Amino acid sequence: MSEFLLGATTMGFWVAGLFFLRFWFQTRDRLFAIFALAFWMMGVNRFVFLMLIQVDEANSMPLYVVRLLAFSLILAAILDKNRSKT
Amino acid sequence: MTTQGLSEEIKKFIIEQINSLEQLEILLLLHSHPEREWTAQEVSQELRLSQTSVVDRLADLQSRGLLTAREDSALLYQYQPQKPELRATVDSLARLYPDYRVTVINLIFSKPLDKIQTFADAFKLRKDKDNG
Amino acid sequence: MAEAVYILSTLVSLACTVLLLRGYLRSRVRLLLWSGLCFLGLTLSNILLFTDLVILPQLDLSLWRSLATLIALIVLIHGLIWDAD
C-alpha cells in the first residue's frame, strides 16, 4: 500500500511539473520554471523513498536535503516574483 | 455585446494593451498633450487618481512602448509610441472614445482572464489593482 | 536540522496556500482554488510529517501523509487539466 501511494505521488508530482513546464513555455514567467523544478524534485524525493525500503527516511541527510531544496526553490520563486515588480 | 463602430485594430489594441479604465484615461491624457512631459504626481492631480496606482500605470504603459520615460529631477513621461501603427491606432481610439465610451469600457471589462498568468500573479504580495 | 527543514517546508507550503486562495477570492479563477487546495493538502502532509517524526515518534503516520499528498496532487491535476485553458 505504501509503495503504491509513493508511486502514485511520484507520478502526480511528475505530471504537475510537466504542466508547470508547459505554462513556462506559454508565459515565459520564471515562476513556472521554478515550480516545475521544485515539483520534480519532490517527485524524485518520493521516488528515492520508494527505492530505499530500509532507510530511516526522516533523518537521512540526502533525502531531506532534496525536500529542503524543493521548498527553497518555491520560496525563491515567491521572492523573485515580488522583487522584480515593474 | 456589440463592438460596432470600433475597428478591429482598435479592438485588438484594447484587448492586448489596455487592462483598466484608469490606464486608458492616463494614456489618452498624455496623448492629448504630446509635447508635454508629465510626472506621476501631475497626472494623478489632473485625473484625480491615487498616485501609487498612477505610478504603476505609467510604468506599464512605458513598458508597452506607448510612453517614453526620462529621469530628471523626477521621473518624466511623455507620449511617444515606439511604432507608427501604434500611433495611428491610439489616434483613432482617442477620436472615437468620446462617442463610444460605453463600448470601449465594456471591451476592457469583459476580457477573458488569463488563468495561468493569474496563477503566477497570485504570488505577488502587494495587491495589484487591475480594475481601476 | 531535519526539524528545521520540515518547519520551513510547512511554512512555504502554507504561504502558497494562503496566496493562492487569496488570489482565488479576488479573481474567481478556479485554477487558483484547486492549486490552493493542493498546497493546503501539502501543508497538511508537512504538518503530519513534523508530527510523525518529532512530536509523536511512537506513531507511524506515513500512510496518512502519503494519502494527504496524493489527494492534494489529484486535486491539482484535476484543476490543471480542466481549468487551465
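This is a predicted model: local features need pLDDT of at least 70, side-chain atom pairs count only at pLDDT 80 or more; totals for chains, interfaces and linings use all residues.

Colleague: What does helix 1 of chain A meet in helix 3 of chain C?

Modeller: On the chain A side, the residues include A:L5, A:T9, A:G12, A:F13, A:A16 and A:F19. In helix 3 of chain C, they meet residues including C:L63, C:S66, C:L70, C:L73, C:I77 and C:L80. By class, this helix contact has 15 nonpolar, six polar and no charged residues.

Colleague: What's the geometry of that helix pair?

Modeller: Helix 1 of chain A and helix 3 of chain C pack at about 30 degrees, with their axes 9 Å apart. Angles under 35 degrees count as roughly parallel, so these two helices are roughly parallel to each other. Their crossing is left-handed.

Colleague: Switch to chain B. How many residues does the contact take from chain B and from chain A?

Modeller: Nine from chain B and 11 from chain A. On the chain B side, helix 4 (51-63) and helix 7 (115-121) each supply at least two residues. The residues on that side divide into five nonpolar, two polar and two charged.

Colleague: OK, chain C by itself. What's the secondary structure?

Modeller: Three helices and zero strands. Along the sequence, chain C reads α-α-α.

Colleague: How many residues does chain C have, and what percentage count as buried?

Modeller: Chain C has 85 residues, and 52% of them count as buried. On contact range, take the contacts in chain C with a separation of 6 or more: 62% of them are between residues 24 or more positions apart.

Colleague: How do helix 2 and helix 3 of chain C cross?

Modeller: Their axes come within 8 Å and cross at roughly 170 degrees. Over 145 degrees counts as roughly antiparallel, so helix 2 of chain C is roughly antiparallel to helix 3 of chain C. That contact has 15 nonpolar, seven polar and three charged residues.

Colleague: I was looking at C:N46. Is it buried or exposed?

Modeller: Buried. C:N46 has 26 C-beta neighbours inside 10 Å, and 20 or more is the cut-off for buried. The residue sits in helix 2 of chain C.

Colleague: What does C:N46 touch, leaving out residues up to four places away?

Modeller: C:Y6, C:S9, C:T10 and C:S13.

Colleague: Where do they sit?

Modeller: B:R48 is in the loop between helix 3 (40-47) and helix 4 of chain B. C:R28 is in the loop between helix 1 (2-27) and helix 2 of chain C.

Colleague: Last one, the nonpolar core. Which residues touch the most other members of the largest one?

Modeller: A:F20, A:F35, A:A38, A:I74 and C:C38, in a core of 55 residues. Helices that each supply at least two residues include helix 2 (30-51) of chain A, helix 7 of chain B and helix 1 of chain C. The largest share, 13 residues, comes from helix 2 of chain C.

Colleague: And what is A:F35 in contact with, beyond four places in sequence?

Modeller: A:F20, A:I74 and A:A77. There is also a second, separate core of 21 residues, with B:I14, B:A40, B:Y79 and B:V90 among them.

How values were computed. Residues are numbered from 1 along each chain as its sequence is written. Chains are lettered from A and ligands numbered from 1 in the order in which they are written. Two residues are in contact if their C-beta atoms, placed from the backbone, lie within 7 Å. Helices (H or I, at least four residues) and strands (E, at least two) are DSSP runs, numbered from the N terminus. Ala, Val, Leu, Ile, Met, Phe, Trp, Tyr, Cys and Pro count as nonpolar, Asp, Glu, Lys and Arg as charged, and the others, Gly among them, as polar. Axes are lines fitted to C-alpha atoms, for helices over the stretch in contact, and angles run from 0 to 180 degrees between N-to-C directions. Angles under 35 degrees count as roughly parallel, over 145 as roughly antiparallel, 65 to 115 as roughly perpendicular and the rest as oblique. A residue is buried if 20 or more other C-beta atoms lie within 10 Å of its own, exposed if 12 or fewer, and partly exposed in between; C-beta atoms are placed from the backbone. A crossing is left-handed if the near helix is turned anticlockwise from the far one by less than a right angle, and right-handed if clockwise. A nonpolar core is a set of buried Ala, Val, Leu, Ile, Met, Phe, Trp, Tyr and Cys residues joined through C-beta atoms within 7 Å.
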